[in-house]
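Work through the exercises below with the sequence and the coordinates at hand. Each task is followed by a worked solution.

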Amino acid sequence: MGFTPFACEVHHPQHVPRLTGTQPLYPMSKKIPLHISNDRAYIWDAEDARNIRENHHITGALVGTLPSVAQQNVFLGLPLLLMPEEAVYLVEKGVAVMLDDAHAHHLPTSEEVDQWREDVRTDRENRLQAQAAARKAKEQKTEKNLSEAALRKRREREEKKTAKLLAAASADRDGNELLTPGDNDPQTPPATRSGARDETGHTIIIPATASDHPWFQPQIYETVQEAKEAGIWSCPSTPLERAKCAVFKDLIQKGYFLGGGMKFGGDWLVYPGDQLRYHSHFVATVLATPLSKMNPMEIVAHGRLGTGTKKAHLICGWDEEQQHVDYYSIEWANFG
């Protein structure tokens, strides 16, 4: 029976250097709330997502989509889902706190609901007034640059358009009676009547969380241990999870960015900088203890897969007694 030899290179722990320039751009002014639901940590505020990316090398994964197009997964938005190691790192560093989101929403009183509706109405009116003022200023600026003939043609087009909209509204009124109260008022602008399309448009702001509502009263946990005792969080609870959290912290402190590595056969992808600017250099796999065993076939698979994707496979061994991480990288070597 023939045997095909293979060769790989195993590098010393010093192969993973510390990157420079990793100090925060500015200190955090408040702790970031991590909304915990079903043992997962979410960030719902865009500013918080930006802060942890710029200052703490935590990127997470956007998982939000629109209810009306739930199958759309090309451009995702908030919330930002964090890996367990990312959530633990932020809380232990004192940057974030955990909120029991599942039990934070209480039944509001009628007065609270009325006040909320009034605030929404007032906010919408203020935004519409500001947009109308900006639109009027833009039109005045445009009219200054138009000749008298161009202005006359523009007014004629608007008059024809208004007459057409009035005819359509009259047909709706005589036929299906779809007009709402106020549509019969001749002073109502045609663009706001039933059957007419509002070409000006306006912005609708949908808050991502209920954090500004008085009926949102979450229980806040300052430490991971408190959250675990309350039963809303479980990581780390095994030797492997503790090792992952320790290795993750060590790599982040060395200046790297980490992302999910499932597609490449590891725990994380290790980037020398932000994922939007760099390709990953390593695929990292964590061993729970220094005495953990690896099958030779696993080493071959890691080496082949890493080389095939232009990465080195990084074996990370955590020694809990010494509080130290050893790194070994595997790369496929040339034959003879």
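The exercises that follow concern a predicted model.

**Exercise 1. Cysteines**

Find how many disulfides the structure holds, and examine the sulfur of Cys245.

Solution. 
- Step 1: A disulfide requires two cysteine sulfur atoms within 2.5 Å.
- Step 2: For Cys245, the closest cysteine sulfur belongs to Cys235, at 4.0 Å, so the two are too far apart for a bond.
- Step 3: The count for the structure is 0 disulfides.
- Step 4: As for accessibility, Cys245 is buried at 12% relative accessible area, and Cys316 is buried at 0%.

**Exercise 2. Salt bridges between separate elements**

Determine which parts of the chain are tied together by the pair Lys30 and Asp48, and which are linked by Lys244 and Asp267.

Solution. 
- Step 1: The cut-off is 4 Å between a side-chain nitrogen of Lys or Arg and a carboxyl oxygen of Asp or Glu.
- Step 2: Lys30 and Asp48 meet this, with their closest N and O atoms 3.2 Å apart. Lys30 sits in the loop between strands S1 (8–10) and S2 (32–37), and Asp48 in helix H1 (residues 46–56), so the bridge ties together parts 18 residues apart in sequence.
- Step 3: Lys30 is partly exposed at 46% relative accessible area, whereas Asp48 is buried at 4%.
- Step 4: Lys244 and Asp267 also form a salt bridge, 3.5 Å from N to O. This pair links distant parts of the chain, with Lys244 in helix H6 (residues 239–253) and Asp267 in the loop between strands S8 (257–260) and S9 (268–271), 23 residues apart.
- Step 5: Lys244 is buried at 19% relative accessible area, and Asp267 is partly exposed at 23%.

**Exercise 3. The surroundings of His302**

Decide whether His302 is buried or exposed, and list its contacts beyond four places in sequence.

Solution. 
- Step 1: His302 is part of helix H7 (residues 296–308).
- Step 2: Buried means under 20% relative accessible area. His302 has 12%, so it counts as buried.
- Step 3: With neighbours within four places in sequence left aside, His302 contacts Gly265, Thr285, Met294, His313 and Ile315.

Methods. Residues are numbered from 1 along each chain as its sequence is written. This is a predicted model: local features need pLDDT of at least 70, side-chain atom pairs count only at pLDDT 80 or more; totals for chains, interfaces and linings use all residues. Side-chain values use heavy atoms; hydrogens and water are left out. Helices (H or I, at least four residues) and strands (E, at least two) are DSSP runs, numbered from the N terminus. Buried means under 20% relative accessible area, exposed over 50%, partly exposed in between (1.4 Å probe, protein chains only). Contact means heavy atoms within 4.5 Å.
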